[in-house]
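Please read these notes with the structure open.

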Number of protein chains: 2
Amino acid sequence: MERKHQLLSQIATNDRHGENSPYFDGWKAYDNNPFHPTNNPDGVIQMGLAENQLSADLIVDWIKKHPEASICTPEGVHMFKDIASFQDYHGLPEFRQAIAKFMGRVRGGRVTFDPDRIVMGGGATGANELIMFCLADPGDAFLVPSPYYPAFYRDLGWRTGVQIVPVDCDSSNNFQITRGALEAAYDKARQDGINVKGLIVTNPSNPLGTTLDRETLKCLLSFINEKNIHIVCDEIYAATIFGSSNFISISEVVEEIMDCNRDLVHIVSSLSKDMGLPGLRVGIVYSYNDAVVNCGRKMSSFGLVSSQTQYLLASMLSDEEFVENFLAVSSKRIEKRHSIFTKGLEQIGISCLESNAGVFVWMNLRHLLEEQTNDGEMALWRVIINDVKLNVSPSSSFHCVEPGWFRVCFANMDDETLEVALKRIHAFVGEQKERETLSAKTKCWKKNLRLSFSSRIFEEGIGSPIAMSPHSPLVRARN
Amino acid sequence: MERKHQLLSQIATNDRHGENSPYFDGWKAYDNNPFHPTNNPDGVIQMGLAENQLSADLIVDWIKKHPEASICTPEGVHMFKDIASFQDYHGLPEFRQAIAKFMGRVRGGRVTFDPDRIVMGGGATGANELIMFCLADPGDAFLVPSPYYPAFYRDLGWRTGVQIVPVDCDSSNNFQITRGALEAAYDKARQDGINVKGLIVTNPSNPLGTTLDRETLKCLLSFINEKNIHIVCDEIYAATIFGSSNFISISEVVEEIMDCNRDLVHIVSSLSKDMGLPGLRVGIVYSYNDAVVNCGRKMSSFGLVSSQTQYLLASMLSDEEFVENFLAVSSKRIEKRHSIFTKGLEQIGISCLESNAGVFVWMNLRHLLEEQTNDGEMALWRVIINDVKLNVSPSSSFHCVEPGWFRVCFANMDDETLEVALKRIHAFVGEQKERETLSAKTKCWKKNLRLSFSSRIFEEGIGSPIAMSPHSPLVRARN
């Protein structure tokens with residue numbers, strides 16, 4: 001009887017979308033006072049957005065040279081009617097072929113992908129939810145090595161009812177995933193009566209920017225095979241790898257291991273990070289399991305890629321010369337950015353976890369914490385947001401067990417803005433050092449700043465559902 | 001313990017996506033032998049696909065004149081980077097404004113829509129699922145007047161766990177929805193211990209092609225207000241209305257009724273039928289309930305419209321002169337098609353339910369049934385598919401209580417193909433009349449044809465999951 005009076009669903013009234021986390025205050029601070037080099041040079045710089053905006057010019061050049069690839073140009077509009085009415089949930093055959101080829105190329109050409117296993121989802125967000133709907137029932141759990149992407153709560157669990165069971169990793173071994181940590185998390189879950197259906201890893205890791213080596217991938221496969229649970233490899237940052245290292249995909253290791261049950265292996269891919277095209281909502285599930293392909297394809301209906309977009313990308317991604325060049329140049333540009341930023345931090349004694357991929361670094365500010373706790377981290381973070389005016393993302397929002405790490409994105413801005421950000425960090429650390437020498441006398445900056453932050457938020461009247469921040473990380477579909 | 005051994009989810013292993021219905025044999029027959037005027041003049045004509053392909057030329061003309069509206073033309077490519085990286089789940093403000101204006105225009109300009117209540121879904125398929133996730137828990141039910149769209153099982157219930165409770169309508173009152181039928185279905189569900197969360201209606205109706213009058217809409221609002229349950233009006237065929245009648249949207253009646261609880265009222269809209277653009281995956285939830293808007297927007301992340309597509313449509317739909325002309329011309333062309341087809345049927349004594357909207361008719365073949373049962377309907381339908389070679393959709397697939405009705409689509413082909421279809425129906429009915437005179441002697445056509453159909457299916461080896469028919473009605477996201 002009680003239930004009758006609930007007008008909306010439990011999903012609509014629970015908080016499992018994750019947007020009410022205090023972490024999003026940082027996005028609000030940015031939205032309310034965004035940096036602009038001339039109009040608002042004292043505004044907040046957005047370093048919480050994991051976008052790859054460094055190589056859009058290459059895509060623009062290609063588009064200019066290939067007007068026939070669009071259904072909206074004089075050269076391509078004769079295809080408009082056929083394409084705009086195309087809604088087959090398998091996708092355009094040319095699109096699937098081009099995506100399969102692109103995925104292979106991103107993985108060094110050492111593996112091939114079958115176009116008939118390419119399943120479309122609505123961005124990586126939709127693809128991750130789709131694979132959960134295929135694999136797990138409400139209440140079932142997936143193991144997720146921490147630190148992990150904050151919006152996994154929404155993507156994996158909000159509507160599916162799937163639980164996340166963290167596999168705690170820490171800096172003692174550079175946050176590597178070990179068999180021991182997996183076993184511990186698995187056993188704990190089982191003891192708690194939780195049905196573990198699988199393991200999901202991001203490779204390259206968001207937020208770490210590191211990649212899994214062959215041994216670790218073999219270890220994961222061995223683990224999931226022994227337990228007879230699934231592995232989902234979210235490889236949406238595959239093409240952001242830089243430097244001399246090769247990216248090793250689970251698809252490569254699967255082919256090397258004789259007794260692996262391929263029905264347990266699934267990959268999520270996307271063009272949001274690899275090509276810097278998050279607006280185009282290309283999410284892909286690639287499964288080695290026929291039943292998952294079959295079922296997932298039916299679920300594609302809920303998040304098909306626009307046929308206009310499929311058509312353009314089919315043409316672009318089947319241009320091998322373009323893809324080859326794009327991947328090489330994009331990787332070089334990310335490497336350069338990474339180098340400028342990390343070297344700039346090094347100069348003032350700030351280190352980052354060594355990384356070889358991603359569009360962010362995992363910055364270590366543990367030495368600046370007053371106390372090595374989440375509260376200590378939040379206090380420092382509020383200073384960074386409100387005084388240094390950088391929106392960076394604290395460790396706690398990635399469910400990390402170790403306070404004092406921050407994910408800092410560096411590829412969603414121009415060179416000049418990055419320089420401004422670095423200068424601000426330099427100035428801040430300089431001040432901190434001065435403060436430290438005086439710390440015995442004045443130990444009150446933290447509390448004062450907290451107060452100033454609270455009152456500001458209050459004044460700005462944040463909270464109206466419809467006027468909600470349009471640029472918050474969860475408002476954005478996938479960061 | 002048993003559960004541990006189930007590798008996939010219950011959703012993945014149940015049949016609730018609805019694709020295993022025998023009805024889809026018709027689509028397979030079409031896919032295996034599609035009509036072509038010169039290459040395959042004896043092939044199956046597709047009359048099961050509710051597409052509006054009559055006015056694409058107007059859109060193509062507009063695109064040619066507005067190269068700046070695309071991010072892939074020399075005139076528009078400077079916007080590529082900004083648009084391709086735009087992933088805000090509110091959507092482009094211009095897009096929401098244009099959609100709101102378009103929705104108002106389609107409804108005769110008698111109501112206005114607030115752009116801040118426009119929530120994006122992945123096509124109408126995604127939009128319908130989204131609103132169910134917001135309103136109902138697994139096991140809860142929605143009342144749905146029958147006959148109804150076959151893929152509602154998938155859209156409303158497959159992943160959400162929501163049940164459909166049919167509200168039976170029949171030809172005794174031209175399939176109108178009555179308060180009595182609503183109450184009966186509601187009471188029956190309650191007696192069965194089912195929690196009814198709302199009512200969903202298609203207006204204009206798919207498959208009937210009829211619209212709800214003001215009195216009926218008032219009756220529905222009064223019913224749902226009394227019961228304190230939701231109403232979802234799926235108005236995706238709103239712009240297919242033709243003739244002298246006005247389309248009356250629930251939005252119009254809501255404004256007329258003083259004590260209506262607007263928190264219970266939600267509209268689903270789309271451009272798939274109204275503009276004939278199903279490939280572009282524009283589905284919209286318009287809710288008068290703030291909490292639903294707020295929650296639905298977060299769910300948009302799973303099925304955002306491609307920003308490339310949003311940008312194009314924002315420009316196109318804000319061109320009032322174009323929209324005005326498109327709606328007028330499109331309506332006239334649908335009316336003409338409808339008239340040619342229904343008059344052609346009348347000549348041989350076949351009537352259709354009187355209709356004023358949609359891209360199909362509800363054709364009455366009850367007089368041709370050997371027995372007035374679902375078996376009788378299936379027998380006739382197999383003859384139509386296999387011998388007359390028309391893929392039409394039988395009453396039973398729309399969960400209609402009355403056998404012998406068929407939904408026949410007429411706007412997804414050219415004039416010449418429609419003529420061929422009419423000729424085939426004429427010939428078939430002629431033969432039927434001859435047969436009737438001989439019926440006492442030879443009563444075996446039905447069984448023979450059934451056998452020949454079965455063997456054909458067997459030879460073609462349908463059933464492989466990956467080679468599955470790419471043009472079946474559920475493969476297509478929304479028909």
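1. Start with helix 14 (residues 374-388) of chain A, which lies across strand 12 and strand 13 of chain A. Helix 14 of chain A runs at about 30° to strand 13 of chain A. Axes are lines fitted to C-alpha atoms, for helices over the stretch in contact; angles run from 0 to 180 degrees between N-to-C directions. Contact means heavy atoms within 4.5 Å. Helices (H or I, at least four residues) and strands (E, at least two) are DSSP runs, numbered from the N terminus.

2. This is a predicted model: local features need pLDDT of at least 70, side-chain atom pairs count only at pLDDT 80 or more, and totals for chains, interfaces and linings use all residues. Residues are numbered from 1 along each chain as its sequence is written, chains are lettered from A and ligands numbered from 1 in written order, and side-chain values use heavy atoms, without hydrogens and water.

3. The sheet in chain A is open, with 4 strands in the order 9-10-13-12 and antiparallel pairing. Strands pair if DSSP finds at least two bridges between them. Strand 9 (351-352) and strand 12 (393-394) of chain A each have a single partner strand, so one side of each lacks a neighbour in the sheet.

4. Strand 12 of chain A pairs with strand 13 (residues 405-409) of chain A over 2 bridges, in the antiparallel sense. Here A:Pro394 stands opposite A:Phe406. Helix 13 (residues 320-346) of chain A also packs on the sheet, touching strand 9, strand 10 (360-364) and strand 13 of chain A.

5. Chain A superposes on chain B by a rotation of 180° with 0.0 Å of shift along its axis (RMSD 0.0 Å). The two copies are therefore related as by a two-fold rotation axis. Superposition is by least squares on the C-alpha atoms of residues with pLDDT of at least 70 in both copies. In chain A, A:Gly303 has the C-alpha nearest the axis, 2.3 Å from it.
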